Amino acid sequence: MTAPAIRLTPRVGIVMVLAAFLGLVAFFWPFVVAPGTFGSNYAPPLIFGVLLVLVLCVVLSEIAEGGIDSKALAMLGVLSAVNAALRPLGAGTAGIETVFFVLVLAGRVYGPGFGFVLGCTSLFASALITGGVGPWMPYQMFGCAFVGMLAGFLPRARGRYEVLMLAVYGSLSGYLFGFLLNLSFWPFSLDPNSSIAYLPGLPFTEQWHRYLAFDLATSLGWDTGRAVTNFICVLLAGPAVLTTFRRAARKARFRAPVRFAAPAPVADPDGSRAPGRPSKSPWTASG
């Protein structure tokens, strides 16, 4: 096992747990916000979107305080650029998403902290390139951040079992990502008279049934395309990419301890030994 590129301190762990809780509240706001609380159906996603941005900033600052060395930062920049370039190749075509498999594999090799940051930076960079900046972007960043982070917490495995485990996880994360993202716009995406539309004031069970029906009717095919893409990409490219990432991690030696050796004692002209001075060459003639 290689050392994680970004170390998660206990303090950062607490912050990430709180961020996960606030993130779930931001996604599941239709079930927890009372009708008319914000005066408009469009206000909650905007308010929670701003909240997610603040939460992500806090988590990233805490992770940075724990230590991101120059090698980890360089790897983060390279993989963020790769993901930003890969995303336009598939997004918008039958749910095919080419950004997740790199995120899953990088989170697996470089650790949960690196996977969390990579999910944020990848989606932010791709949004700037494709012009996809909008109220939905914080939700996408948060969802991808936790996809990458959870990949770093998967149990140990080796060889084909590891690749298969990551492929199954990538497939499940494709469904989970779509399920969560739909929650951010479901309340105002349909005619209120529809049987699968969000209807403020309904009991939780009926509201939940409506959302499940909405997700199955409108997003199952798209999410399946993402899940299948993740599974195939990890299964085919996983062994080579994992080997490449691990070779890079071994050469980079992230967070390698710095050791200072005491200087060797040297001989003075009078024959005494003194520390910190270069020793006499054995080829020097004695006077």
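Reader: At what angle do helix α1 and α7 pack, and how far apart are their axes?

Author: In this predicted model, helix α1 (residues 10-27) and α7 pack at an angle of about 135 degrees, and their axes are 11 Å apart. That makes α1 oblique to α7.

Reader: Why is α1 called oblique to α7?

Author: Roughly antiparallel needs an angle over 145 degrees, and roughly perpendicular covers 65 to 115. The angle here is about 135 degrees, so α1 counts as oblique to α7. The crossing of α1 and α7 is left-handed.

Reader: Which residues of α1 and α7 meet?

Author: On the α1 side they are M16, A19, A20, G23, A26 and F27, and on the α7 side Y139, F142, G143, F146 and M149.

Reader: Helix α5 also packs with α7. What makes the two parallel, perpendicular or oblique to each other?

Author: Helix α5 (residues 100-110) and helix α7 (residues 137-152) pack at an angle of about 40 degrees, with axes 6 Å apart. Roughly parallel would need an angle under 35 degrees, and roughly perpendicular starts at 65. The value of about 40 degrees falls between those limits, so α5 and α7 are oblique to each other. The crossing in which α5 passes α7 is right-handed. Residues F100, L103, V104, G107 and R108 of α5 meet C144, V147, G148, A151 and G152 of α7.

Reader: How do you know whether α8 and α9 are parallel, perpendicular or oblique?

Author: Helix α8 (residues 159-185) and helix α9 (residues 204-218) pack at an angle of about 115 degrees, with their axes 11 Å apart. Roughly perpendicular takes in 65 to 115 degrees, and α8 and α9 are therefore roughly perpendicular to each other. α8 passes α9 in a right-handed crossing. Here G178, F179, N182, L183 and F185 of α8 meet W208, Y211, L212, F214 and D215 of α9.

Reader: Let's turn to S80. Where is its place, and what does its side chain reach?

Author: S80 sits in helix α4 (residues 70-90). Its side chain reaches the backbone oxygen of L76 at 2.7 Å. Leaving aside residues up to four places away in sequence, S80 touches L118, T121 and S122.

Reader: Is S80 buried or exposed, and how do you know?

Author: S80 has a relative accessible area of 8%. Buried means under 20%, so S80 is buried.

Reader: What about V117: buried or exposed?

Author: V117, in helix α6 (residues 112-130), has 6% relative accessibility, which is under 20%, so V117 counts as buried. V117 and L76 are 41 residues apart in sequence, and their C-alpha atoms are 8.1 Å apart in space.

Reader: How many helices and strands does the protein have, and how do they run?

Author: There are 10 helices and 2 strands. From the N terminus, the order is α-α-α-α-α-α-α-α-α-α-β-β. Of the 287 residues, 44% are buried. Among contacts between residues at least 6 apart in sequence, 75% join residues at least 24 apart.

Key
Residues numbered from 1 in each chain as written. Predicted model: local features only at pLDDT ≥ 70, side-chain atom pairs only at ≥ 80, totals over all residues. Heavy atoms only, no water. Helix = DSSP H or I, 4+ residues; strand = E, 2+ residues; numbered from the N terminus. Buried < 20%, exposed > 50% of the residue type's maximum accessible area, 1.4 Å probe, protein only. Polar contact = N/O pair within 3.5 Å; in protein donor to acceptor, adjacent residues only side chain to side chain. Contact = heavy atoms within 4.5 Å. Axes fitted to C-alpha atoms, helices over the stretch in contact; angles between N-to-C directions. Left-handed = near helix turned anticlockwise from the far one by under 90°.
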